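The sequence and structure are shown first, and the description follows.

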Amino acid sequence: MGGTHGGNAVLFRDSVIQEIAGRYGKTPAEIILRWHVQEGFSVIPGSRNHAHIRQNISVYGFRLSDDDMQKIRALDKEQRFYTGTYESSQRFNEWTPAD
């Protein structure tokens, strides 16, 4: 979803995503991850934040309606949200669980 490279800010502020998240009492990230799961896509969320890790797992505890699935499908703008470079990702090679 863009992580630390800023892509998630655009996705999380989308009015359709926010409206759906509000109705389900979920975060925008949970809605986006759940949509991917229901579409049958592989998702590999990552976080060092324990609350975010719990939210990532919680996407298996609810289902989006067919109407909401279609609303999210309609958002496709053929736009890439993760814009990190190889060089910027190298800092993750030095990460340890203690971080």
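## Helices H2 and H3

The description begins with a meeting of two helices. From H2, the residues Ile17, Ile20, Ala21 and Tyr24 meet Pro28, Ile31 and Ile32 of H3. Sorted by class, this contact of H2 with H3 comprises 7 nonpolar residues, with no polar and no charged ones.

The model is a predicted one. In it, H2 and helix H3, the latter spanning residues 28–39, pack at an angle of about 95°, and their axes lie 8 Å apart. Angles of 65 to 115 degrees count as roughly perpendicular, and H2 and H3 are therefore roughly perpendicular to each other.

## Helices H2 and H5

Helix H2, which covers residues 15–24, also packs with helix H5, which covers residues 66–73. The angle between H2 and H5 is about 160°, and their axes are 10 Å apart. Because angles over 145 degrees count as roughly antiparallel, H2 is roughly antiparallel to H5. The crossing of these two helices, H2 and H5, is left-handed.

On the H2 side, the contact is made by Val16, Ile17, Glu19, Ile20, Arg23 and Tyr24. H5 contributes Asp68, Lys71 and Ile72. By class, the residues in the contact of H2 with H5 comprise 5 nonpolar and 4 charged, with no polar residues.

Which residues is Asn56 in contact with, leaving aside its neighbours within four places in sequence? They are Leu33, Pro45, Gly46 and Ser47.

## The chain as a whole

The protein chain contains 6 helices and 0 strands. Read along the sequence, its pattern is α-α-α-α-α-α.

The chain has 99 residues, and 24% of them are buried. Its accessible surface amounts to about 6900 Å², and carbon and sulfur atoms account for 54% of that area. Of the contacts between residues at least 6 apart in sequence, 64% join residues at least 24 apart.

Methods
Residues are numbered from 1 along each chain as its sequence is written. This is a predicted model: local features need pLDDT of at least 70, side-chain atom pairs count only at pLDDT 80 or more; totals for chains, interfaces and linings use all residues. Side-chain values use heavy atoms; hydrogens and water are left out. Helices (H or I, at least four residues) and strands (E, at least two) are DSSP runs, numbered from the N terminus. Buried means under 20% relative accessible area, exposed over 50%, partly exposed in between (1.4 Å probe, protein chains only). Contact means heavy atoms within 4.5 Å. Accessible areas come from the Shrake-Rupley method with a 1.4 Å probe; for residues, only the protein chains shown count as cover. Axes are lines fitted to C-alpha atoms, for helices over the stretch in contact, and angles run from 0 to 180 degrees between N-to-C directions. Angles under 35 degrees count as roughly parallel, over 145 as roughly antiparallel, 65 to 115 as roughly perpendicular and the rest as oblique. A crossing is left-handed if the near helix is turned anticlockwise from the far one by less than a right angle, and right-handed if clockwise. Ala, Val, Leu, Ile, Met, Phe, Trp, Tyr, Cys and Pro count as nonpolar, Asp, Glu, Lys and Arg as charged, and the others, Gly among them, as polar.
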